[in-house]
Each structure stands twice: as C-alpha cells, then as structure tokens.
Amino acid sequence: YYSHDLNEWQWQLDQLKLETVPDESAKLLVDRVHGLSKMTRRILGMAACLGTIFNAKDLAMILEEDALSLALHLRHAEQSLLISSVEKRKKEGYRFLHDRIQEAAYQLIPEEKKAAQHLQIAKALYVAYYHQSSVVPERLFQIAMHMQMGLDAISERYDEKIAVFKK
C-alpha cells in the first residue's frame, strides 16, 4: 500500500513471504534470462551481485563498459520484462522484477568465479567512493560485503594491500 504520510510504498512482508511463484512461472523467468545475448547475461549477472536494486553508473564502472552499450543491454532486459527502471531518492536505477530473476541471473556466474566477481565489485566501489568526503555508510557496508564475499579470490602475492582481510 502507499503511505501518504511517508510518501513511499510500504510492503506487508509477512504477506509477501507467503506468496509463491509456481514452478512453471519460475522456469519461464529462468528461460527468459538464458535467452538473452551473452553480454546482456554478463551484465545481469553482475547486476545480480549488486542486489535487487542497482544503478547503471556503478555497473558501467565495474564492468568497464561504455554507458551507451550498457544502456542498450539494460533496455533489452527491460523489454524482456526482467528488470524495470526505478527512481529512489531522486536517483535513477533498475530493479529485478522478481527475486527468481535475480537468482537466475546470479546463477549465470560460474561458482568458481563468483568470489572474483565480488572482489572486482569491491575494488571498483572502493576506488570510486571510499575517498569521497560525502561517502554514505551504505557504500562502506556495500564495499565490505563484496570484499567479504570475494575473500577466496584474494591472492596474497597479487593483492597484498587487501590480503590482510583474509587473516
């Protein structure tokens, strides 16, 4: 329901948790993800690492993709009804339309590469945001979370500066 007092949508999480997606619907969502181009699948896999809601700026930075190419792939995913554009606190971004879609996109990443993917995200976010004077605590938690998830990909020889986090 929409709360006019808070000027935002409020979710009844207890009710939502009771809702289930039939197996047939979940399979259709997964099939739709697998039917995308290789690059669009790569982009959605990285987006799934970022969370249910993500922004194109971070995604372009992490993937080292130009904004136009990224926008075209995100538009294709949006037209496929896998993601939708959102505006939250005057910031534009995207969200997965269902957690099963996000899960399917995350499963596109081979298990042995997931830690490296999260480490790549942590490094990119650190470089982009850590030294900003107005860095928000959520960004610091996001960096720390991806660093934690990427610990297995840290090689002491290669990443000496961050290998201390493994200890």
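**Helices, cores and salt bridges**

Arg75 and Glu78 sit three residues apart in helix H5, about one turn of the helix. Helices (H or I, at least four residues) and strands (E, at least two) are DSSP runs, numbered from the N terminus. This is a predicted model: local features need pLDDT of at least 70, side-chain atom pairs count only at pLDDT 80 or more, and totals for chains, interfaces and linings use all residues. Residues are numbered from 1 along each chain as its sequence is written, and side-chain values use heavy atoms, leaving out hydrogens and water.

**Salt bridges**

- The whole structure holds three salt bridges (a side-chain nitrogen of Lys or Arg within 4 Å of a carboxyl oxygen of Asp or Glu).
- Arg75 and Glu78 form one of them, at 3.4 Å from N to O.
- Arg75 is partly exposed, at 44% relative accessible area, while Glu78 is buried, at 18% (buried means under 20%, exposed over 50%, partly exposed in between, with a 1.4 Å probe and protein chains only).
- Lys114 pairs with Glu111, their closest N and O atoms being 3.1 Å apart.
- Lys114 and Glu111 are three residues apart in helix H7, about one helical turn.
- Lys114 is buried, at 5%, but Glu111 is exposed, at 58%.
- Arg42 meets Glu65 at 4.0 Å, N to O.
- Arg42 is in helix H3 and Glu65 in the loop between H4 and H5, so this pair ties together parts 23 residues apart in sequence.

**Nonpolar cores**

- The largest nonpolar core has 31 residues (a core is a set of buried Ala, Val, Leu, Ile, Met, Phe, Trp, Tyr and Cys residues joined through side-chain atoms within 4.5 Å).
- Leu44, Phe54, Leu59, Leu74, Ile83 and Phe96 touch the most other members.
- H3 gives the most to this core, with seven residues.
- Another core lies apart from it, with five residues, including Ala122 and Met147.

**Helix H3 against helix H6**

- H3 (residues 38-50) and H6 (residues 99-107) pack at about 115 degrees, with axes 7 Å apart (axes are lines fitted to C-alpha atoms, for helices over the stretch in contact, and angles run from 0 to 180 degrees between N-to-C directions).
- On the H3 side, the contact uses Leu44, Gly45, Ala48 and Cys49 (contact means heavy atoms within 4.5 Å).
- On the H6 side, Gln102, Ala105 and Tyr106 take part.
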